[in-house]
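Reader: Walk me through how to read the contacts in a model. Keep it brisk.

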Amino acid sequence: MKNTKKIWIGLIGIIAAAAVLFGVYKAFGPKAEQGSKAYTLEVSDDTGEVKSYTGRTDAEYLSDLMNELAAGEDFSYEGTGGDYGMFIISVNGLTADYEKDGAYWAIYVNGEYGNYGADAQPVSDGDTYRLSYEK
Amino acid sequence: MGMLLGVLEAAKRALDLVPNVELVTLLLVIYTIYFGKRTYIIAFAFTALEIFFWGPHVWVIMYLYVWPLLVTIVLLIRRRADHWHYCLLSAGYGFCFGALCSVPYLFIGGPRMLLSWWIAGIPYDLIHGISNFLLCLVLFRPLSNACAYMQRVTGTWPEPRPDEHASGSDPSEHGA
């Protein structure tokens, strides 16, 4: 009887200690951090209509950010590897066929024509990227 | 002593693949019950072996006081403690392991670093404590019996058997 009481007290002590530790961890433990960089990604289609995506990301390159968006939001794209990096074929279902009508997807960074392909364009905090359907 | 150290190191290596599940705590508890203060030598030699195998790291500083502290606690309670007390000690030691090991970070990065290091490791401490408890619950008696058997066969144990003190029966007979 005495032993049974001792076992119960011990078990309750262990469970209480574990619960306290768990509580400390939940209250003060590391939280999943938001992405460190704010971004705006705009998609300008063939009618000039612009759709914007904003958020925070840890993506290193624009293509990583586009992959993140494609995984979670109303965004899709297709691209292919080219001699000068990723060549964007379609965004949100709109395909640009250069050979057919000279259309292509251009990348703008903070309003200026981008120097890199999506897979080489670094993502910086506060930048605005635009994928623009152009002819 | 060398054989006991070998068993300790082998047990450590055998469970290296399972994070935070280890037999070092239980073995040191049992060694201390039977070997008394000489277990300090095993604890320090174990740390030396770890340095030899892995090189000097921050955790070496932790080992220098964490294991001797365990030996000290067992030395203080062994006259009156039974199997159940050692199960509780093992669990508590696992729960507190991260807190104990975080002490060097007080000197490296201050109290903030100590706290954040400890708190980040709490899930591992929980695994450590629970696994220590279960291992002690299951393996204490067989290991204790083995030590008692060796004691009978060799008669070379340097410390008086625990049952030669006022506590009563052989520790292997102790139960909850």
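Reader: Which residues does A:Ile14 touch, not counting residues up to four places away in sequence?

Author: This is a predicted model, where local features need pLDDT of at least 70, side-chain atom pairs count only at pLDDT 80 or more, and totals for chains, interfaces and linings use all residues. Residues are numbered from 1 along each chain as its sequence is written, with chains lettered from A and ligands numbered from 1 in the order in which they are written. Contact means C-beta atoms, placed from the backbone, within 7 Å. A:Ile14 touches B:Leu88, B:Ala91 and B:Phe133.

Reader: Where is A:Ile14 found?

Author: In helix H1 of chain A, residues 2–28. Helices are DSSP runs (H or I, at least four residues), numbered from the N terminus.

Reader: Is A:Ile14 exposed or only partly exposed?

Author: A residue is buried with 20 or more other C-beta atoms within 10 Å of its own, exposed with 12 or fewer, and partly exposed in between. A:Ile14 has 18, so it is partly exposed.

Reader: How many residues of chain A are in contact with chain B?

Author: 15, against 14 residues of chain B. By class, chain A's side has ten nonpolar, four polar and one charged residues. Asp, Glu, Lys and Arg count as charged; Ala, Val, Leu, Ile, Met, Phe, Trp, Tyr, Cys and Pro as nonpolar; the others, Gly among them, as polar.

Reader: What describes two packed helices?

Author: The angle between their axes and the distance between the axes. In chain B, the axes of H2 (residues 24–35) and H4 (residues 58–77) come within 9 Å and cross at roughly 45°. So H2(B) is oblique to H4(B). Angles under 35 degrees count as roughly parallel, over 145 as roughly antiparallel, 65 to 115 as roughly perpendicular, and the rest as oblique.

Note on methods. Axes fitted to C-alpha atoms, helices over the stretch in contact; angles between N-to-C directions. Helix = DSSP H or I, 4+ residues; strand = E, 2+ residues; numbered from the N terminus. Contact = placed C-beta atoms within 7 Å.
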